[in-house]
Amino acid sequence: MKKYSGNLMLLLCAMIWGTAFVAQSVGMDYVGPFTFQSVRYLIGALVLVPVIALRSRVKRKNPEPWPAAGDRKTPLLRGGVLCGIALWAASCLQQVGIQYTTVGNAGFLTAMYIVIVPILGLFLGKRIEKKAVVCVALAVLGLYLISIKSGFSMSRGDAMMCLCALLFAVQILLVDHYAPQVDGVKLACIQFLVAGLLAAVPMVLAERPSPGAVADAALPILYTGVLSCGVAYTLQIIGQQRAEPVVATLLMSLESVFSMAGGIILLHQVPTLREACGCLLMLLAVVLLQLPVPTRKKQ
């Protein structure tokens, strides 16, 4: 039951991230990329403070259901800082690099983390099932059909997106490593705080946003800060505690499908037959990954 609840959390996480693309697009009309990232992550950290206080109060009254690992401060701080650095580097690099490439290339290259995660996992001693390899291949093909509209060329922006995908893969593996050891909500809060403070440095030095510009972008920033950061990334951390790493990356990669659905509902952008086939391939990959592999019983 824990595995399926974790998968459901990651699916909801992907839905929030996918629909948040609309808010991010609107917000960039008023503020720069570092300003947007800094404010949204700081809001995400702030939103989790009352959640942590409530969980601590419940824990004091009923400590049995809570793992002792949640009180270990050293891995919590170390994991929060490392995850925050990886999140800051990946998200800011994505935001800057998209200015030098097409949206299609950016979407495909960023989503390549679903391939990079199991590859990096091999160096960490993790095994990959044959079924997972097939599902990853189907998901990559689906992402290709969704994202790539015309020719594929490696520009400076494309190279930045490849590095961005690598950094997102590192962040996922860091969460996978530290989440079982600590309280997931506290880990998410520290992660956002670190990412927000790091993004604030180039924000102040390069963009110097005015309070009026931030106020104009308040609605999209609040949406991405509260839901995309405060809720979705927390669901990612808790969900990864219960789901297999390859399953987690495939579920989270469905944000591309949900972003397309958001475009249809909110922006009235009807997908082409090619894009629809890509969505079906990604859904097929996720469904196949959840199905058990039949085994022969020994006589």
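Predicted model: local features only at pLDDT ≥ 70, side-chain atom pairs only at ≥ 80, totals over all residues.

Visitor: At what angle do α8 and α10 pack?
Guide: Helix α8, residues 184–207, packs on helix α10, residues 218–242, at about 130 degrees, and their axes are 9 Å apart. That makes α8 oblique to α10.

Visitor: Is the crossing of α8 and α10 left-handed or right-handed?
Guide: The α8 and α10 crossing is right-handed.

Visitor: Which residues of α8 and α10 meet?
Guide: From α8, G184, V185, L187, A188, Q191 and F192; from α10, C229, G230, Y233, T234, I237, I238 and Q241. By class, the contact of α8 with α10 has eight nonpolar residues, five polar ones and no charged ones.

Visitor: What caps the N-terminal end of α8?
Guide: D183 does, with a side-chain oxygen 3.0 Å from the backbone nitrogen of V185.

Visitor: And what follows α8?
Guide: R208, which has a positive phi near 45 degrees.

Visitor: What span should α8 have?
Guide: With 24 residues at 1.5 Å a residue, α8 should span 34 Å. The C-alpha atoms at its ends are 33 Å apart, which agrees.

Visitor: Other pair now. How do the axes of α5 and α11 cross?
Guide: At roughly 170 degrees, with the axes of α5 (residues 113–123) and α11 (residues 245–252) coming within 9 Å. Angles over 145 degrees count as roughly antiparallel, and α5 and α11 are therefore roughly antiparallel to each other.

Visitor: Which residues make that contact?
Guide: Y113, I114, V117 and P118 on α5, and V246, T249, L250 and M252 on α11. The contact of α5 with α11 has seven nonpolar residues, one polar and no charged.

Definitions and conventions. Residues numbered from 1 in each chain as written. Heavy atoms only, no water. Axes fitted to C-alpha atoms, helices over the stretch in contact; angles between N-to-C directions. Helix = DSSP H or I, 4+ residues; strand = E, 2+ residues; numbered from the N terminus. Parallel < 35°, antiparallel > 145°, perpendicular 65-115°, else oblique. Left-handed = near helix turned anticlockwise from the far one by under 90°. Contact = heavy atoms within 4.5 Å. Nonpolar A, V, L, I, M, F, W, Y, C, P; charged D, E, K, R; others polar. Expected span 1.5 Å × (residues − 1). Polar contact = N/O pair within 3.5 Å; in protein donor to acceptor, adjacent residues only side chain to side chain.
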